[in-house]
2 protein chains.
Amino acid sequence: MTASSVEFEARLREVGAQRYHDKHPFHHLLHDGKCSPDQVRAWVINRFYYQASIPIKDAAFMSRVEDPKLRRAWRSRIEDHDGHGENEGGIERWLRLADAVGVDRGFVASKAGVLPATKFAVDAYVRFVRDKTMLEAVAASLTELFAPKIHAARIEGLLAHYDFADDRSLSYFKNRLKEAPKDVAFGLSWVLEHANTAEKQDAAVAALTFKTDVLWAQLDALYAAYVTPARIPPGAWQPDTFLASRCAKAS
Amino acid sequence: MTASSVEFEARLREVGAQRYHDKHPFHHLLHDGKCSPDQVRAWVINRFYYQASIPIKDAAFMSRVEDPKLRRAWRSRIEDHDGHGENEGGIERWLRLADAVGVDRGFVASKAGVLPATKFAVDAYVRFVRDKTMLEAVAASLTELFAPKIHAARIEGLLAHYDFADDRSLSYFKNRLKEAPKDVAFGLSWVLEHANTAEKQDAAVAALTFKTDVLWAQLDALYAAYVTPARIPPGAWQPDTFLASRCAKAS
């Protein structure tokens, strides 16, 4: 039976309450000031892969949209990440965070030390958006419903606990607090309007659940590789190697 | 500079020496008899997703091959997994292993409790074979070069340490010992013949490296979720839930 909009929205929000990555132990460590400098760097390096893939994902979505109005509404997401006029964009702001935590921005931008599991998860999201129905693609983006709370907690936690944190280094998160609400208001109303059968509502909930898996798996990989017990897989970023190469550069 | 066949084959084998998943701590636990029954079940459940995806991967490969001879040579891989005449096939043999370790074969076949990170890694492999050059697709299959050793070690370790292990439950691995050599002989000679420039040799090595990442990431996810400290992500198989549902069924 098709649920009312109110019931359906509550179902979507329940996915976040159960599975959003604000509940992952890595975020607790990060926001409570319990990450070592190398653990923060590992997070910055891996999360960059996600950031860098978001506009690719949005372009994949737009490549399937025939309605110019919908494409135009969606285009601002790419501008938010890649920049537009005076706005340098979220990817550049993320690299500024890399500078602040003491990891080479060229290394981060190269994506060389990213965990394979991070790539597998993020690439799965890009392909999901390319291959599934448009409704599922938009529904997967609705993790933004839950993002403002985690961004606010992150800004507060990083400012309180880490020397690198200031307005400049955290500008990515501050900007997302401004940008995300317009995206999610649009996405949510689009999903509420288009999921007009029980089957489509189920598909939208499954897509949002899939997206929470994508986010959770990234932190799982990070935790397994760099927290405890540290088991860094072959080829992924090694703190010592990085420090050695940095020292070599400075000499 | 293009390396000789001998040098190039040595480079491919070095990828296995450095990165094949026989070196992963989960396999050491498994083969040394140190896995709990639930840890063995988690391995059987998750590895099934890989097994079940292999013939899909091989069909994706064949869908790109224009030469009937190459398709015919490749087809036996699908037969090995899906069955042919009297041969029940590797997927069915894997489900027999599921029976033996005490996990419901219907649950395993449903893929319901598979870790998201397992799916992301395996799906990345299927898409790699679908999207990359044919040379890269064949080169990625060459982890089979390293498989006979791990299958032999597994048969010996499981027989020595676990009650469930016997000829019947381990028939999957025994059959692979017979099947894999013909596949890898064909794949290796094909790669050696077609990687006729330095650039193609590099691409083949990168493809094989990618495949070792796919295998390693699966065990990393398993270890992180079910070994220590156990952090099972939302929606993945939970030992207690499984036992509860089993008890409910038996009553």
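Predicted model: local features only at pLDDT ≥ 70, side-chain atom pairs only at ≥ 80, totals over all residues.
**View 1. The rotation axis relating the two chains.** Chain B is superposed on chain A by a rotation of 180° with 0.0 Å of shift along its axis, at an RMSD of 0.0 Å. The two copies are therefore related as by a two-fold rotation axis. Both copies use the same surface, since 100% of the contact residues of chain B recur in chain A. Among the residues of chain B, B:F120 comes closest to the rotation axis, with its C-alpha at 2.6 Å.

**View 2. Surroundings of B:A117.** Leaving out residues up to four places away in sequence, B:A117 touches A:A117, A:A121, A:A217, A:D220 and A:A221 of chain A, together with B:A217 and B:A221 of chain B. The largest nonpolar core has 127 residues, and A:V44, A:A117, B:V44 and B:A117 touch the most other members.

**View 3. A:A42 in helix 3 of chain A.** A:A42 belongs to helix 3, which covers residues 37-62 of chain A. A:A42 counts as buried because 31 C-beta neighbours lie inside 10 Å, where 20 or more are required. From A:A42 to A:A100 the separation is 58 residues in sequence and 13 Å in space, C-alpha to C-alpha.

Terms used:
Residues numbered from 1 in each chain as written. Chains lettered and ligands numbered in written order. Least-squares fit on C-alpha atoms with pLDDT ≥ 70 in both. Contact = placed C-beta atoms within 7 Å. Core = buried A, V, L, I, M, F, W, Y, C linked by C-beta atoms within 7 Å. Buried ≥ 20, exposed ≤ 12 C-beta atoms within 10 Å, placed from the backbone. Helix = DSSP H or I, 4+ residues; strand = E, 2+ residues; numbered from the N terminus.
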